[in-house]
Amino acid sequence: NGVFYCDNRGHRGMYVTSGRVNDGVCDCCDGSDEFEERIKCENTCNELGRKEREEREQFRQLQEQGYKVKQEYMQQGKRTKDEKRARLTELEKQISELKEARDELQ
């Protein structure tokens, strides 16, 4: 069996097996697979393409929002890490000073 290519302009092209061509079922959104005119297929490619593009755009925006949240968490984590390191350095300095004071008293 061969294949038939549906151009589906306004949406995306696809292949259908030759057994599905002129079978009375509109497999291609542009209706090109039913060219013997036993059935009239409405061209729905532009609408399908528009919906798909809108969904892709919504997904892209969601990814962008997620990336921004991730960046904020990373920055917050870096700040917290820096603060804790500074506090650790401060505490280590205090320990050293207290040890010196203890040694002087002994």
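Modeller: D103 has a relative accessibility of 45% and counts as partly exposed, where buried means under 20% relative accessible area, exposed over 50% and partly exposed in between (1.4 Å probe, protein chains only). This is a predicted model, in which local features need pLDDT of at least 70, side-chain atom pairs count only at pLDDT 80 or more, and totals for chains, interfaces and linings use all residues. Residues are numbered from 1 along each chain as its sequence is written, and side-chain values use heavy atoms, with hydrogens and water left out.

Biologist: With which residue does D103 form a salt bridge?

Modeller: A salt bridge is a side-chain nitrogen of Lys or Arg within 4 Å of a carboxyl oxygen of Asp or Glu. For D103 the N to O distance is 3.4 Å. The partner, itself partly exposed at 44%, is R102.

Biologist: How many salt bridges does the structure hold?

Modeller: One network of salt bridges links E47, R50, K51 and E54. Another salt bridge joins E64 to K68, with the closest N and O atoms 3.7 Å apart. The number of salt bridges in the structure is 14.
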